[in-house]
Amino acid sequence: MQPLSIEFNEQRKAKYLQLAQALRSAIIKGDIAVGTKLSSAREMAKIYQLNRHTIMNALQLLVAEGWLESNERSGYNVTQTLPIQSSVNTKQVPVVDPKPYKFTKKLAVPAPAMNLNEFKYNFAGGLPDLNCFPYKEFKRSLSYVFNHVDTSKFHYGDISGANELKHQVSSYLYKARNLKVNDLLICNGSQEALFLISKAFISKGDFVAVETLGYPPARKAFAACGAQIVDIKQDEFGLCIDDLKTQFSRFSIKMLYLTPLHQYPTTVTLSPTRRMQIYQLCYQHGVMIIEDDYDHEFHYQCHPLQPMAADDPAGIVIYLSTFSKIMFSAARIGYICAAPAVLEQLSAWKQLMNHKNDVVMQLAVAHFMKEGAFERHLKRMTKLYKQRYEAMDKSLKALQAKGLSLEYKKPDGGMAMWVNLNIDTANIKKHLHKHSIYLQTEAEFYFCDSYRSLKPKHFSYLRLGFAGQSEEAMQKGLNIIAEYAY
């Protein structure tokens, strides 16, 4: 083989890579023919004035890539079949008309996710203050997981979740919510929990009852699995019992979805009496209850009521919650508590979807809870959110005193307030976006495909979150909203 003319550049990549590139290019161009036997590594080292190990590294790289083959005692040869560098260029492509895709159900394509950090004033209703999370402390829990690796946990299995996390969550539920559970299912957030429940229970045409104003992703999950949504009226005290009775008599309702504590979005907490009436009606009519307890911890006026699932002798309540409001939504830690037979089926559906959750995150959260950091963070945030809760109440009262015709009922807890501006809020969101304000309007919480629509003639309410921003930013944002509403 004739020596190649190579100029090695000290400032570029390693010399063995430069030599490999030169030989590769020569083979591609045909300067070194297929089947050619290369000079020995010793000879090439002399020719190119390189260390023999540098030559060997370059040749071994080309062997690995398929350009050369190594033959014992006879050195290196260019392979007879060179690697494919590009696809064959097909000049004539037949023209065909695409056929329609046969989707079982065509869903609305989700809009691109909105970057809430772009807004100077953020009134998102359930957004925690991510700047206050103890990331360095949580990093120690992540480090602990990798410093004490149990590789058996990194295989498939443990569909229902890592036992360490299940144990910590079970202990926490009993301590904080008086909810005693024998087992639970860890999910990839509460939305996966809702979809699993939907797949396990809902057939096409089944009726699912929901609060008229409610959590849109839940109703979308039910509808996507074939449910017909039945709105149940609400009053200032929550779900209307008389209307629930009426709809149970009209429709063969299979499930009832509720947010009994800090109802989403109106923030109303159902009284013990109404909870008992709802439970008795559901048992009488064979209806399962989905209890979504999304922000139980943040209650300020008194101790929060225990979940309906804590007193469920008939086993008809499927209880779900999430750590998204306590930690951050990207952690994707949600969980379901239910009767053993229900958990078995939900686990079977989960195995079909994704086998298991992120084990590293589960183990890190378990350690975070075990060491007490979770509870310390929760206490700090409850104290902070209570201060912001009082600050928003004070600001809204000040605006009322200045003549703004707004109405609201101070909730017992939660992360937002439900405020009636007494004006049509249909266009307020778009207008306030121009002023770098994000908020949610009443119209967003109705479901357009409900079987019986109970929408008002005009929308006048806003859901104003107070947890995710400073008191100063909250005050400035409220003043801008008030300027629009006067």
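Residues are taken as buried under 20% relative accessible area, as exposed over 50%, and as partly exposed in between. The structure described here is a predicted model. By these limits Lys 410 is partly exposed, because its relative accessible area is 25%. Its salt-bridge partner is Asp 393, with the N to O separation at 3.4 Å. Asp 393 has a relative accessibility of 5% and therefore counts as buried.

In total, 18 salt bridges are counted in the model. One of them joins Glu 192 to Lys 350, with 2.8 Å between the closest N and O atoms. Glu 192 and Lys 350 are both buried. A further salt bridge is formed by Asp 206 and Lys 254, whose closest N and O atoms are 3.2 Å apart. Here, too, distant parts of the chain are linked: Asp 206 is in the loop between α6 and β5 (207-211), and Lys 254, 48 residues apart from it, is in strand β9 (residues 253-258). Asp 206 is buried, since its relative accessible area of 18% falls under the 20% limit. Lys 254, at 30%, is partly exposed.

No disulfides were found in a search of the whole structure. For Cys 282, which is in no disulfide, the nearest cysteine sulfur belongs to Cys 240 and is 15 Å away. Cys 282 is buried, with a relative accessibility of 0%. Cys 448 likewise takes part in no disulfide, and the nearest cysteine sulfur, that of Cys 225, lies 17 Å away. A disulfide requires two cysteine sulfur atoms within 2.5 Å, so the 17 Å separation rules out this pair. With a relative accessibility of 62%, Cys 448 counts as exposed.

Strand β11 (residues 317-322) is largely enclosed by the rest of the structure, because six of its six residues are buried. Val 317, Tyr 319 and Ser 321 point one way from the strand, while Ile 318, Leu 320 and Thr 322 point the other way; all are buried. β11 pairs with strand β10 (residues 288-292) in the parallel sense over four bridges. Opposite Tyr 319 of β11 stands Glu 291. The pairing of β11 with strand β12 (residues 334-337) is antiparallel and also runs over four bridges. Within β12, Ile 336 is the bridge partner of Leu 320.

Thr 212 is located in the loop between β5 and α7 (216-224). Its relative accessible area is 7%, so Thr 212 is buried. When residues up to four places away in sequence are not counted, Thr 212 is in contact with Arg 219, Asp 231, Ile 232, Lys 233, Gln 234, Phe 445, Tyr 446 and Leu 454.

Conventions. Residues numbered from 1 in each chain as written. Predicted model: local features only at pLDDT ≥ 70, side-chain atom pairs only at ≥ 80, totals over all residues. Heavy atoms only, no water. Salt bridge = Lys/Arg side-chain N within 4 Å of Asp/Glu carboxyl O. Buried < 20%, exposed > 50% of the residue type's maximum accessible area, 1.4 Å probe, protein only. Helix = DSSP H or I, 4+ residues; strand = E, 2+ residues; numbered from the N terminus. Contact = heavy atoms within 4.5 Å. Pairing = 2+ DSSP bridges.
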